[in-house]
Amino acid sequence: MSTAANPLGDLSAASGRALKEVFSKQLKLQILQSPVKDALSTFEGKLLHSAVSINGEKISGTVLLQIPESLAQWVTEIMLGSKGNAEEIRDVTGELCNMVAGRVKAELHASGFPATLGMPTVSVGQRIALQLRGEAQLSSTDWSVEGDQAGDFNLQVQIRIIS
Amino acid sequence: MNPKILSIDDSKTIRMLLKRLFTPFVCELFEAGDGQEGLEVVNREKPDLIILDYNMPVMDGVTMLRQMRENPEFKRLPVIMLTAEASPEIIGTVARLGVRDYVTKPFDSDQLLDKVIRVVNLERRPEA
């Protein structure tokens, strides 16, 4: 809920709700917030990063989803019903981030900050962290799929009110 | 005649997901990656139903819908929106353009199938 002191509302809670909805509805998977802070900082494998921009008259921001390649392969198989090739795995990762961004955007709209989504971009590499700029709010949360060892994954949302 | 369904989405994932959803049914599925390509397929194939995304490169779903409705032949062509976009303004705009239903991503495949079956007659393929 937004307040005068925090007009954007609780970004961590909003992004958590969005992520849980995407995993449960689209993938039929339950996810849990990881008790380990910054769980991906020691991860040495390949990560897929997917980012979607959120821009409106009053806000500007980014939703960034980072998931281990093994987890991306698994969710691709669930979504498409077969092992995907590299391009398909990237596309699934981008689409998941797009869905999360869509839900976050809907919550921002309800708080009085209408915006539009950019196209998802996907890259592969090591963990990256969004930097807090100016008056921006930044939420970074780590998650894991319940009952699975495919590895933790990370969701970052940064939103800045344009003054 | 088998029903023709056109999926217009820039996400290959969504197009593949819909292909998987409709494979058990007797129908012809066509795909397009943006609104411009979608208009070309509409003119060529004259589908019975379009499943349309909003946010796409080249031409978005609302622009495509507006242009398609200008052709009297496609004035009443059923369209179901399938999009991550859930703003009341967009929902209102597409409702005025005669969209049959609106499904937001993430979505439940069975619920989407129910909405499709309300528009086109889908029969299961005989088991091989």
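Reader: How do helix 2 of chain A and helix 3 of chain A lie to each other: roughly parallel or roughly perpendicular?
Author: Roughly perpendicular. This is a predicted model. In it the two axes cross at roughly 85°, and angles of 65 to 115 count as roughly perpendicular. The axes come within 9 Å.

Reader: Which residues make the contact?
Author: Helix 2 of chain A brings residues including A:Val75, A:Met79 and A:Leu80. Helix 3 of chain A brings, among them, A:Ile89, A:Val92 and A:Leu96.

Reader: How do they divide into nonpolar, polar and charged?
Author: The contact has 8 nonpolar, 3 polar and 1 charged.

Reader: What about A:His109, buried or exposed?
Author: Buried. A:His109 has a relative accessible area of 18%, and the cut-off for buried is under 20%. A:His109 sits in helix 3 of chain A.

Reader: What is A:His109 in contact with, leaving aside neighbours within four places in sequence?
Author: A:Pro114, plus B:Ser87, B:Pro88 and B:Glu89 from chain B.

Reader: New topic. How many residues are in the largest nonpolar core?
Author: 60 residues. A:Phe153, B:Phe22 and B:Val116 have the most contacts inside that core. Helix 3 of chain A gives the most to it, with 9 residues.

Reader: Which contacts does B:Phe22 have beyond four places in sequence?
Author: B:Phe22 touches B:Ile5, B:Cys27, B:Leu29, B:Ile51, B:Leu113, B:Val116 and B:Leu122. There is also a second, separate core of 25 residues, with B:Phe30 and B:Met56 among them.

Reader: What scores does the model get?
Author: ipTM is 0.89 and pTM is 0.91. Chain B averages a pLDDT of 95, and 99% of its residues score at least 70.

Methods
Residues numbered from 1 in each chain as written. Chains lettered and ligands numbered in written order. Predicted model: local features only at pLDDT ≥ 70, side-chain atom pairs only at ≥ 80, totals over all residues. Heavy atoms only, no water. Core = buried A, V, L, I, M, F, W, Y, C linked by side-chain atoms within 4.5 Å. Buried < 20%, exposed > 50% of the residue type's maximum accessible area, 1.4 Å probe, protein only. Helix = DSSP H or I, 4+ residues; strand = E, 2+ residues; numbered from the N terminus. Contact = heavy atoms within 4.5 Å. pLDDT = per-residue confidence, 0-100. Axes fitted to C-alpha atoms, helices over the stretch in contact; angles between N-to-C directions. Parallel < 35°, antiparallel > 145°, perpendicular 65-115°, else oblique. Nonpolar A, V, L, I, M, F, W, Y, C, P; charged D, E, K, R; others polar.
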